[in-house]
Amino acid sequence: MAEDQKTLREQSCAKLHEVETPKKWLKKKHEQNAEFIWKGKQDQKNSSCSSDVDDKSNVWITQNRSTGSVGDADYISWLSEHPSALSCFKEIMNAARGKSIVVFLDYDGTLSPIVSDPDRAFMSNPMRSAVQEVSRHFPTAIISGRSRSKVYEFVKLKEVLYAGSHGMDIMAPPQQANSSYAVKYQTRTIDENDQEFVTFQPAQEFLPEIEKMLKKLEKKTCQIEGVVIEDNRFCISVHYRHVKEQDYEILEKQVEKVLKEYPKFHMTRGKKVLEIRPSIKWNKGHALEYLMETLGFTSRSPKEKDDVVPLYIGDDKTDEDAFKVLKSRGAGFPIIVTSKPRETAASYSLRDPTEVLSFLIRMSRWKSAHYY
Ligand SMILES: [Mg+2]
């Protein structure tokens, strides 16, 4: 079974990168034991995804779990289109060798587990160390739906750049002179270490309305038990993880009622959360592009574009905007974190934050092994 699954992963990676001619494979579901048998010709010598057992970070164990040993047939099938970034690690890093890697990370559900109390979505110490180590090797930014200050409170790493409010509140290095971004949204600031940085806040003008909306939402939903309204500065999250299922509809109606009074805002749905944001053309994908530019990775030619490899790991619907940007660049690695099959623009996958941790640890090890 393990060998069969390993073959699947190798084939998935080979397919994605078109290693040699496309390989044909056939799957046959065993209905009784819910296992898959994978058949087909496979030239393992030409696959870069065949060495996942040589890592010391317990990758083999997590991969066995990833590939659905409990019979998650749909997930296994989905992996053929979105192979594990751990299985394909060598292939990814070989493609990035000699190029500038830039790392973008979501926070909730990516660096921290999804928890019932949003104020307690703490990051583990091993994860913090892994992100810190990665940021020593590669420019690293965290792009979250939370307020920027809240994400920093959780992460507590000065080496990392932060974008909060789904990218509508960015802290970045001083802007490049040729920037195309609106100067009116940028503020130069000096931090406590005398370091200059720029905040970019394209939704500034919506702040007064957001404050009013927060109060109205609190008033309209206070009768519904379990609602948590989170002020994310440039957006609002209405968490309903603790709301009784029979109250979901009532809650949504109340939120929609408030939203009708604010036509410049819209609502999206996340994991047991309703997100309200200003309707401006700015999302996590734009934030990624903005950060790339401020980090000095503006591509002025196709050659320059090829020399930069952005890598984005996230689990939110809002991360799809960043995945699409990477897809349209034709360079970079969009990696979705999910334990269930999902419609996504990402090319690779990781099952959960534990696998994200393994991936980040491997990245640092790879860099140390190849460049020092
Ligand atoms: Mg998330």
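In which helix does F89 lie?

1. F89 belongs to helix α4, residues 89–96. Helices (H or I, at least four residues) and strands (E, at least two) are DSSP runs, numbered from the N terminus. F89 has 23 C-beta neighbours inside 10 Å and therefore counts as buried. A residue is buried if 20 or more other C-beta atoms lie within 10 Å of its own, exposed if 12 or fewer, and partly exposed in between, with C-beta atoms placed from the backbone. Although F89 and M363 are 274 residues apart in sequence, their C-alpha atoms are 8.5 Å apart in space.

2. On the basis of the note: this is a predicted model, in which local features need pLDDT of at least 70 and side-chain atom pairs count only at pLDDT 80 or more, while totals for chains, interfaces and linings use all residues. Residues are numbered from 1 along each chain as its sequence is written.

3. The chain as a whole has 372 residues, of which 43% count as buried. It contains twelve helices and 15 strands. Of the contacts between residues at least 6 apart in sequence, 61% join residues at least 24 apart; two residues are in contact if their C-beta atoms, placed from the backbone, lie within 7 Å.

4. A nine-stranded open sheet has the order β7-β8-β6-β5-β4-β3-β13-β14-β15, with mixed pairing. Its edge strands are β7 (186–190) and β15 (348–350), each of which pairs on one side only. Two strands pair if DSSP finds at least two bridges between them. On average, neighbouring strands of this sheet are turned by 20° against each other, direction ignored.

5. Five of its six residues are buried, so β3 is largely enclosed by the rest of the structure. Six bridges join β3 to the parallel strand β13, residues 308–314; S100 stands opposite V308, and V103 stands opposite L311. Strand β4 (residues 140–143) also pairs with β3 in the parallel sense, over three bridges, and here L105 faces I142.

6. Helix α6 (residues 148–155) lies across β4, β5 (161–164) and β6 (169–172), and runs at about 135° to β5. Axes are lines fitted to C-alpha atoms, for helices over the stretch in contact, and angles run from 0 to 180 degrees between N-to-C directions.

7. A further open sheet consists of four strands in the order β9-β10-β12-β11, with antiparallel pairing. β9 (228–231) and β11 (265–270) stand at the edges with a single partner strand each, so one side of each has no neighbour in the sheet. Strands β10 (residues 236–239) and β12 (residues 273–278) pair over four bridges in the antiparallel sense, and V238 of this pairing stands opposite L274 in β12.

8. The largest nonpolar core has 61 residues, among which F104, L291 and I335 touch the most other members. Helix α12 (residues 353–371) supplies the largest share of this core, seven residues. A second, separate core of 19 residues includes M213, C235, V238 and L274. A nonpolar core is a set of buried Ala, Val, Leu, Ile, Met, Phe, Trp, Tyr and Cys residues joined through C-beta atoms within 7 Å. Leaving aside neighbours within four places in sequence, the contacts of I335 include A85, L311, Y312 and Y348.

9. Helices α9 (residues 284–294) and α11 (residues 319–329) pack at an angle of about 50°, with their axes 6 Å apart. They are therefore oblique to each other; angles under 35 degrees count as roughly parallel, over 145 as roughly antiparallel, 65 to 115 as roughly perpendicular and the rest as oblique. The contact involves K284, G285, L288 and E289 of α9 together with D319, D321, A322, K324 and V325 of α11.

10. Most residues other than glycine have a negative phi. K156, in the loop between α6 and β5, has a positive phi of about 60° although it is not a glycine; with 11 other C-beta atoms within 10 Å, K156 is exposed. R233, in the loop between β9 and β10, has a positive phi of about 70° and is likewise not a glycine. R233 is partly exposed, with 18 other C-beta atoms within 10 Å.
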